[in-house]
There are 4 protein chains.
Amino acid sequence: MSTGVTVRVIKVAIVGGTGYTGVELLRLLCGHPQVEIAAITSRTLAGTPVAELFPSLRGHSELVFSEPDVELLAKADLVFFATPHGVAQAQVPELIRRGVRVIDLSADFRLKDIPAWERWYGQLHAAPVLAAESVYGLPEVHRQEIAGAQLVACPGCYPTAIQLGWIPLLEADAIEPIGLIANAASGASGAGRQGKTELLFAENSDNFRAYAAGGHRHLPEIEQGLRNVQPQGSDPASLTFVPHLLPMVRGIHATLYARLKPGQTLESAQALFEERYRDEPFVDVMPPESHPQTRSVRGTNLCRISLHRPQDGDTLVVLSVIDNLAKGASAQALQNMNIMFGWDETLGLESPALLP
Amino acid sequence: MSTGVTVRVIKVAIVGGTGYTGVELLRLLCGHPQVEIAAITSRTLAGTPVAELFPSLRGHSELVFSEPDVELLAKADLVFFATPHGVAQAQVPELIRRGVRVIDLSADFRLKDIPAWERWYGQLHAAPVLAAESVYGLPEVHRQEIAGAQLVACPGCYPTAIQLGWIPLLEADAIEPIGLIANAASGASGAGRQGKTELLFAENSDNFRAYAAGGHRHLPEIEQGLRNVQPQGSDPASLTFVPHLLPMVRGIHATLYARLKPGQTLESAQALFEERYRDEPFVDVMPPESHPQTRSVRGTNLCRISLHRPQDGDTLVVLSVIDNLAKGASAQALQNMNIMFGWDETLGLESPALLP
Amino acid sequence: MSTGVTVRVIKVAIVGGTGYTGVELLRLLCGHPQVEIAAITSRTLAGTPVAELFPSLRGHSELVFSEPDVELLAKADLVFFATPHGVAQAQVPELIRRGVRVIDLSADFRLKDIPAWERWYGQLHAAPVLAAESVYGLPEVHRQEIAGAQLVACPGCYPTAIQLGWIPLLEADAIEPIGLIANAASGASGAGRQGKTELLFAENSDNFRAYAAGGHRHLPEIEQGLRNVQPQGSDPASLTFVPHLLPMVRGIHATLYARLKPGQTLESAQALFEERYRDEPFVDVMPPESHPQTRSVRGTNLCRISLHRPQDGDTLVVLSVIDNLAKGASAQALQNMNIMFGWDETLGLESPALLP
Amino acid sequence: MSTGVTVRVIKVAIVGGTGYTGVELLRLLCGHPQVEIAAITSRTLAGTPVAELFPSLRGHSELVFSEPDVELLAKADLVFFATPHGVAQAQVPELIRRGVRVIDLSADFRLKDIPAWERWYGQLHAAPVLAAESVYGLPEVHRQEIAGAQLVACPGCYPTAIQLGWIPLLEADAIEPIGLIANAASGASGAGRQGKTELLFAENSDNFRAYAAGGHRHLPEIEQGLRNVQPQGSDPASLTFVPHLLPMVRGIHATLYARLKPGQTLESAQALFEERYRDEPFVDVMPPESHPQTRSVRGTNLCRISLHRPQDGDTLVVLSVIDNLAKGASAQALQNMNIMFGWDETLGLESPALLP
């Protein structure tokens, strides 16, 4: 971990650090050797020490939440937005003008199709031009553009797990792109830190349910990402996506169903994954017929994947797990930062999962 | 609950009452007005009071586990088998010969295809003729045969949730029977009460994983049940079934994906379900686009079902929830008993779910 | 359960049925043969079917929340208040004037010391005279007064578990009444159904903490109850009480520490408990050195108690468990109702705990 | 984290790495810059890759379990024993003779009173002389002896949380040493990784219970540690200790009750703690009347402590939390290693807790 070389330390700021992606960013940045956290903002908690809100940070951070202030943010080399959708698109344009680099963890800049964004989120988009220029921060697909990007749109949690589980197959035209089914489940931290009855412990413990089965906002992001890697001339990928809420804190598990194209086998599919992700530091292709567990990636930037072909039929089942707050949000943001600033991509992201 | 009429009280016995289906049977039978529990057997715990093993039963039962003994069992009007597979097929034939009625909660008599049973369970079947004569105890399909049956094979937990979620559609030929996908998840009690590291609290809390993705023993039972209700001449139903282990105690949630046949809509499908289950006391067809929760059926014999048609496409999503120990095992066994002895089908099964 | 005798069915109403004690009351009343629920009120949810708020009640109740209205409530034979403190004391006096009987599950009428109430709850008490006349609804102590009471103040959850664990000892002057220590822990349902960040699943899962260690509102209620049973001339009981929040839904576990008076032993203490609770249908004195589990009383009106004397020293440890929503609230309310109306005290409260 | 100075890397070995303290040791050692893990042994799993047993370690460790072999272990600079009691006392003597340093995480060398050890553990002690020479690895008390020790007995989990919560008070003679009460609760990982029915998920979820209320093996260790810090001439500390099992994975919460000596106040007690632990890197004295949460130390070597004085009475309540697998076992072992080898005491132990 010691390079012996003096490395430039950058100043970063976090907008909206009172949610779970905020505290996860802080946890990870505390252990990153090239970063100084210059400011963290919160309209409602300005003046409150971060360690008072998040007792895990007592002794690790002297930061105090401050009012959002563009002058303050503009002094940073990099600003993370960990805000609800709608906030970043209002504030990012000014920062971009001033030359600040931005990683947005919200949904504001993920979709290139602005009318679709406006339909799914029920409001006009405030910065459509920036959305067009932003880079989608899935390093396994866009590493080169990320390196030079000023604005990175960090992928959603479900979209990360699901895209990584199908990309090798779609790139190689090995599965039918029509009729894909993504059945996924998330820990409760994915629903945020707001006080809502439906998120109470007493409502979710010993309970399991689907939600948004008729259509979830992550659907267009997933389809955009899948179509983006298909060979020219392919039928555009389309899928049914049903998310579920798990009685646990962290983790996403995606169970992906696709029909193999003629000639494809479990072995050929496995080979595609191993080849595609050979050099990826954060994608672990497990032996065929493994069953990845969400806890095996808890707190890490890893995505673990395994393949099954039940009854040697024409359905290929891909199991893909991530930590929704880590590879699904804040750790992936750090991975993007490492790429943007030319550092080792794994810097600050080396720790194994906490298990048990 | 009082009828004012003297009703015959029957004597029942339970073989293998040390597991979770055993204690659930005892809990439910304690509240059943027409039943006297004459004996409960356990080879390993003979001599131990039931209330010592299951502290919830202190004050509710004076029963003591006894050695399995055919003479003892033969005195009962009805014997429940709550044993691992392989036990019932060895012991049931003698009881049948003596005129005792039997409800087997294990997998021994569920499959009519004996070679399939032998393949999936890796052993020879000891009573293939009885298996052929037994009645599959899914009351929503076999109520009449159950009434007159001497041997009822109580359905598995996953098969119950999944069959009830597709039967109205397959009977009406409203979905493509090929390429069905059943993604299901179960609470940990479904894996039994044996001390195994993989079932420890510390291994399963805050964790989620698929298992047996390549093929689960419940698959042939589900396919048999689905094919059984299809109209003559249909392509036989075939499915991919992936079970998952939830960090909770009770509950099964099945998320079922099927392609609608031309002309079918969410409304027509909803109508099929409402019509089909109109008089079923234990199937609750919820309004379209609902999301049933497993806790809403905790401890009850209910199956709650809802339908979705994402993006108005050709995929129909059925959500189906049960309590794996109740409608998925012991409460369904009581429902079968009520039918077999001509009582009100809901007797002893009226309590609402424990929520929260 | 059948008496063969026609029993008068009473009409009951519930004020404030949207919380967890409300839904638990509904669950239990649904199974009570002598009760018709005439009305359930909620200011915020008037017009909403109860079964929409609580999916467990679909098919069990056609009730719709109505506006609180004294004319409506006055038609009932009995009104339950399942409201935050402050509500019952404002509304109960008018109902009492009209001859309606009331069981209040809130803290409004538990304390006889009105200045103490006003200090702990930070507001003036609106009905001090009624508070003086009300009967404290702990049947194990006040059964006779409850039978004739018009207004019963149902005990708090912690106070129920703790009082039952010390009453036999204090009545017999077998322990030092000074320096008692009550260390107790509650499931999250005890904190209510309001959407607060601190009660979220993601905040409480895999977490444990004390709260209100400096002083909890249940303290004066507990001390009042303990002093009430002491022999004349005793030093009034005084205790330290530290509550904790458990990562589970239901259950209270009290671990009680007291110093034995000279001459007392584990055996003599055990004999006191067995004698004192011999005829109590809902107190289970377990064998000495047992460890009662909260799940063994889940959903029931039981209190299970065991005694320990570590290292044969002078400290007697009493372990006492209840279900906070059942014996700690709604089931105890039903027990009080049964006594008030002259029915079998166990009516509607016979089911064993749901385990696992 | 980079010192710029070349530091000697030592070889360590782990005996008995298949339990939870084993995997926690591996997780932490993977991130320690001065350590090379030379061997990990397991009689039952020899030949199995560590990453197969613990999926969290895939990609982090190429280690394979090997047969325990004294020649192999003797090549290490330091050997950790993460074994059940009885194993280390049999194997450590030979390693000590060969000059290897040892940190034993089991109970074998914690007690100086060998007859007491033999009474509580029900067997003869195989190495009483070594037990006398070993150093008790609580750095906050024995830092200097640890630095020069060849054999360190790493404290138990409960003893660590409880001792740290009383040491400043006993050293200063500020509380009555007689009649101390330690009410503590542990996550299920503290009970180990063996497949036992009582540790199943389905047995412990939504459940809470005391255990060993009559006497737990950690009691003599706690008393020994407390007496060790008392001023000469004091009455030796004696306590009642009741442990409880929490429905969560990691964390210990101790609620400690003691009577203040005359003249002591909350403020004076708080000052004692702040002074005593001022320079301790892993003890966090929180503001008075705080409530530390177990999750705030999850995965870390921290002990967080707060003080309360309910109703300004004579009882001082100390709340003390640790992670049972970290400060309660493996992280404390690393802290000891850092001291023994003269490194910065926080090396490899800097990460904040994983929260949520």
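Chain B and chain A bury about 3500 Å² between them, and carbon and sulfur atoms give 54% of that area; buried area here is the accessible area (1.4 Å probe) that two parts lose on being put together, summed over both. This is a predicted model, in which local features need pLDDT of at least 70 and side-chain atom pairs count only at pLDDT 80 or more, while totals for chains, interfaces and linings use all residues. Residues are numbered from 1 along each chain as its sequence is written, chains are lettered from A and ligands numbered from 1 in the order in which they are written, and side-chain values use heavy atoms, with hydrogens and water left out.

**Interfaces of chain B**

At the interface with chain A, 44 residues of chain B are in contact with 44 residues of chain A, contact meaning heavy atoms within 4.5 Å. The rule finds 4 salt bridges across this interface, a salt bridge being a side-chain nitrogen of Lys or Arg within 4 Å of a carboxyl oxygen of Asp or Glu.

Between chain B and chain D the buried area is about 1500 Å², with 67% given by carbon and sulfur atoms. On the side of chain B, the three residues B:Leu200, B:Phe201 and B:Ala202 supply 41% of the area that this chain buries against chain D, more than any other three residues. The contact takes 19 residues from chain B and 19 residues from chain D, and 2 salt bridges are counted between these two chains.

Over all chains, a search of the whole structure finds 80 salt bridges.

| Salt bridge | Closest N and O atoms |
|---|---|
| B:Arg298 with A:Asp206 | 3.4 Å |
| B:Arg193 with D:Glu203 | 3.6 Å |
| B:Glu24 with B:Arg250 | 2.6 Å |

The pair B:Glu24 and B:Arg250 forms a salt bridge within chain B. B:Glu24 lies in helix H1 and B:Arg250 in the loop between strand E9 (239-245) and strand E10 (252-259), so the pair ties together parts that are 226 residues apart in sequence. Helices (H or I, at least four residues) and strands (E, at least two) are DSSP runs, numbered from the N terminus.

**Helix packing**

In chain B, the axes of helix H1 (residues 20-30) and helix H12 (residues 326-340) come within 9 Å and cross at roughly 45 degrees; axes are lines fitted to C-alpha atoms, for helices over the stretch in contact, and angles run from 0 to 180 degrees between N-to-C directions. H1(B) and H12(B) are therefore oblique to each other, given that angles under 35 degrees count as roughly parallel, over 145 as roughly antiparallel, 65 to 115 as roughly perpendicular and the rest as oblique. On the side of H1(B) the contact is made by B:Thr21, B:Glu24, B:Leu25, B:Leu28 and B:Leu29, while the residues of H12(B) include B:Ala326, B:Leu334 and B:Met337. The residues of this contact of H1(B) with H12(B) divide into 9 nonpolar, 2 polar and 1 charged, where Ala, Val, Leu, Ile, Met, Phe, Trp, Tyr, Cys and Pro count as nonpolar, Asp, Glu, Lys and Arg as charged, and the others, Gly among them, as polar.

The axes of helix H7 (residues 139-148) of chain B and H12(B) also come within 9 Å, crossing at roughly 40 degrees, and H7(B) and H12(B) are therefore oblique to each other. Among the residues that make this contact are B:Arg143 and B:Ile146 of H7(B) and B:Gln332 and B:Ile339 of H12(B). The contact of H7(B) with H12(B) divides into 5 nonpolar, 3 polar and 3 charged residues.

In chain C, helix H8 (residues 157-171) and helix H11 (residues 266-276) pack at an angle of about 105 degrees with their axes 9 Å apart, which makes H8(C) roughly perpendicular to H11(C). Residues that meet here include C:Leu164 and C:Ile167 in H8(C) and C:Leu272 and C:Phe273 in H11(C).

**Backbone exceptions**

Most residues other than glycine have a negative phi, and most peptide bonds are trans. The peptide bond from A:Leu355 to A:Pro356 is cis, with omega near 0 degrees, and A:Pro356 is found in the segment after helix H12 (326-340) of chain A. The bond from B:Leu355 to B:Pro356 is cis with omega near 5 degrees. In chain D, phi of D:Glu289 is near 70 degrees, a positive value in a residue other than glycine, and D:Glu289 is found in the loop between strand E11 (283-285) and strand E12 (303-308). D:Asp312, although not a glycine, has a positive phi of about 50 degrees.
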